[in-house]
Amino acid sequence: MTRCFTGRGLASGQDVVHPAPPPPADAGTRASETVTTTDTARTPIRVELAGPHTRIHASLCMACPHGLAGCCAAPPAVAWADIGRIVQLGGAGWLLDEIGAGRLRPSPRGLAILRNPPAEVEGRAFPGRCVYLGARGCTIAPERRSATCNYYVCDEALAEGGESEGEPTARAASTARAAGTASEARTAREVHTALMDLYAYGDLEIAEAITSAWPAGPVWNEAFLGWLGTRYEEMLRRRRRQLRRLTP
Ligand code: SF4
Ligand code: SF4
């Protein structure tokens with residue numbers, strides 16, 4: 001399974017929907033993000049360094065080769081460290097509401113995101129997909145997503161940015177910023193790897209602490225979420241050297 005989840009924007013200052021469908025001419029503000037047709041003139045890859053909240057944006061997501069839902073056809077887990085991150089960013093109440101509504105479901109790794117079945121949306125046939133994917137992209141803010149949604153980029157998207165050859169692709173080369181774009185693609189790969197390591201480490205560490213504190217499994221309430229937020233912050237403190245390269 002292709003594990004590709006992004007919630008990435010492209011043009012500077014603009015937040016573009018997560019994946020695939022090119023925005024209609026009248027695309028405008030959605031629940032949490034803005035789509036503009038000017039984004040079609042974007043750079044192929046853009047890294048937005050923000051420590052553990054770093055985002056990588058790829059233009060290929062607007063015309064994803066994997067279909068209308070792109071990576072959001074198979075949403076990632078909102079794993080233990082992701083939950084801690086969301087809590088740290090003020091989302092504990094939101095998480096409890098989403099669990100209550102059934103859009104997030106407790107699972108052995110943390111929370112699983114509900115998937116919607118295939119359906120026609122605004123005249124386009126969408127496959128089964130993450131419940132948070134709207135007709136124009138992700139409908140929740142980056143602060144409420146799994147970190148994976150914010151930093152994941154597939155190999156195709158990195159190649160589009162010129163990573164493979166160390167030089168811009170033909171398409172990228174047609175822009176004046178081609179050389180810079182190739183460099184951005186290489187940075188994106190490094191950042192992507194660092195974030196995968198960070199969150200994998202955090203998940204394992206927090207999972208062990210949960211098993212030790214709640215052998216029969218945790219109770220999903222405010223106290224437990226607050227505890228997760230604290231474990232996440234402690235994990236970040238221990239990994240501060242690793243985080244330095246993700247800081248602008
Ligand atoms: S281009 Fe790649 S990263 Fe973007 S939505 Fe498609 S599969 Fe995901
Ligand atoms: S939360 Fe769902 S719709 Fe949003 S980026 Fe992640 S997988 Fe895609």
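Trainee: What percentage of the 248 residues in the chain do buried residues make up?

Mentor: A residue is buried if 20 or more other C-beta atoms lie within 10 Å of its own, exposed if 12 or fewer, and partly exposed in between, with C-beta atoms placed from the backbone; by that count, 44% of the 248 residues are buried. Please keep in mind that this is a predicted model, in which local features need pLDDT of at least 70 and side-chain atom pairs count only at pLDDT 80 or more, while totals for chains, interfaces and linings use all residues. Residues are numbered from 1 along each chain as its sequence is written, and chains are lettered from A and ligands numbered from 1 in the order in which they are written.

Trainee: How many helices and strands are there in the chain?

Mentor: Helices (H or I, at least four residues) and strands (E, at least two) are DSSP runs numbered from the N terminus, and the chain has 8 helices and 11 strands.

Trainee: Which residues of α7 are buried, and where do they lie around the axis?

Mentor: An α-helix has 3.6 residues a turn, so residues three or four places apart point the same way. In α7, which spans residues 222-238, the buried residues are L225, L228, G229, R231, Y232 and M235. They cover an arc of only 165° around the axis (taken from the directions from the helix axis to the C-beta atoms), and therefore sit on the same side of α7. The face turned away from that buried side carries the exposed residues E222, A223, R237 and R238.

Trainee: Is α1 mostly covered or mostly open?

Mentor: Helix α1, residues 80-88, is mostly covered, with 8 of its 9 residues buried, among them W80, D82 and R85. After α1 comes G90, whose phi is positive, near 90°.

Trainee: At what angle do α2 and α7 pack?

Mentor: Axes are lines fitted to C-alpha atoms, for helices over the stretch in contact, and angles run from 0 to 180 degrees between N-to-C directions. Helix α2 (residues 92-101) packs against α7 at about 130°, with the axes 10 Å apart. That makes α2 oblique to α7, because angles under 35 degrees count as roughly parallel, over 145 as roughly antiparallel, 65 to 115 as roughly perpendicular and the rest as oblique. The contact (C-beta atoms, placed from the backbone, within 7 Å) is made by A92, L95 and L96 of α2 and E222, L225 and G226 of α7.

Trainee: Why does R244 count as exposed?

Mentor: R244, in helix α8 (residues 240-244), counts as exposed because it has 9 C-beta neighbours inside 10 Å.

Key: The expected span of a helix is 1.5 Å times one less than its number of residues. Two residues are in contact if their C-beta atoms, placed from the backbone, lie within 7 Å.
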